[in-house]
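Open the model in your viewer and keep the selection tool at hand. This tour moves from one selection to the next.

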Amino acid sequence: MKPISLIQFLIEERRANHINAELSLLIEVVARACKRIAVATGKGALGDVLGNAGTDNVQGEAQKKLDVISNEILLEANAWGGHLAACASEEMEDPQPIPDGYPKGHHLLLFDPLDGSSNIDVNISVGTIFSVLRCPDNAVEPKAEHFLQPGTTQLAAGYVVYGPATVLVLTIGHGTHEFTLDREVGSFVLSRRNLRIPEATAEFAINMSNQRHWEAPMQRYIGELLAGKDGPRGKDFNMRWVASMVADVHRILTRGGVFFYPMDAKIAAKGATGKLRLMYEANPMAFIVEQAGGVATTGRQRIMDVQPTALHQRVPVFLGSKQEIELATRYHMDADEAQ
Ligand code: P6P
């Protein structure tokens, strides 16, 4: 059967009244920008793209040159199309309005332009994560508060993983679908429709070096996985940790598994509420995972139900195979009730 391109897929979805023309254009523009990011990322040492930019982002983290380049590519690509009212990015403190002189649309785009960028200099997969919200009708000049909508209001979410292949994973609320970049033609081609995360798994992803800082329920849950078939779970578990959320989540969407970035004493000592960001990491990944039959919580509630209070707000992230995420979440809720 002739492969379906991203554009053909979006036309199908418009005919099914799952998306409108403006949202379809937005997704195409973001996908096209990510092709440019793939080219920049793929240059490695041959392009002046590695190393630090010499600046810090709003999170106080040293920006990689490719963080800045990727952010600029996404802003430029989305400025003129008339599909957006404003953008928000991990790399910018405040939302970026559409420049004067260009038409404004009805959507808000949030993105982490290059997640996992600490892996770039060691040539490990990184990715772009994006989320789309509807701009409130009364927001003539969109401000941060107009972005503070719970994850359940997302119209679309996706990521592009820049790995051996460049792969776009997208949901518009009717399943999660995978498109692989045909580099010879230059278009994303539908490679898997309706991805499904198996409800059970024997593979977990977490940064074990933080173990001594975790809350007791996390210690208990991970301790049971490590005990393997000699422990209460009665089976051995495998561990993976890429330290690039997009790569870890893509593995889970491909073969199942669970991913945790829990709250811990180190994070709490900084006065933070988690490591990963709600609006442009946790929410889009939660939408993608739920649409593939998985579960995504903060350990205490569904991620997509969290009412945001700040644009760069952080949350704990538990996501992946249903049975394991529900068990880990129950351990945390039981511990809270016992207090
Ligand atoms: P750690 C990358 O910086 C990131 O935001 C996610 O992509 C990744 O899962 C996590 O942080 C890695 O964190 O503490 O293992 O470096």
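Predicted model: local features only at pLDDT ≥ 70, side-chain atom pairs only at ≥ 80, totals over all residues.

Now select the strands on the domain 1 side. The elements that give two or more residues to the side touching domain 2 are β3 (84–89), β5 (107–115), β6 (126–134), β7 (156–162), β8 (166–171) and β9 (176–182). Colour that side by class. You will find 24 nonpolar, 17 polar and 7 charged residues.

**The domains themselves**

Next, colour the chain in two parts. Select 6–195 for domain 1 and 203–338 for domain 2. Their centres, taken over C-alpha atoms, are 24 Å apart.

Select the residues in contact. Domain 1 supplies 48 of them, and domain 2 supplies 32. How much area do domain 1 and domain 2 bury between them? The figure is about 3,000 Å², with 61% of it on carbon and sulfur atoms.

**Salt bridges**

How many salt bridges are there between domain 1 and domain 2? The count is 2. For a salt bridge to look at, select E61 and R277. Their side chains meet in one, at 2.6 Å from N to O.

Terms used. Residues numbered from 1 in each chain as written. Heavy atoms only, no water. Domains from an automatic or database assignment. Contact = heavy atoms within 4.5 Å. Buried area = accessible area lost by both parts, 1.4 Å probe. Salt bridge = Lys/Arg side-chain N within 4 Å of Asp/Glu carboxyl O. Helix = DSSP H or I, 4+ residues; strand = E, 2+ residues; numbered from the N terminus. Nonpolar A, V, L, I, M, F, W, Y, C, P; charged D, E, K, R; others polar.
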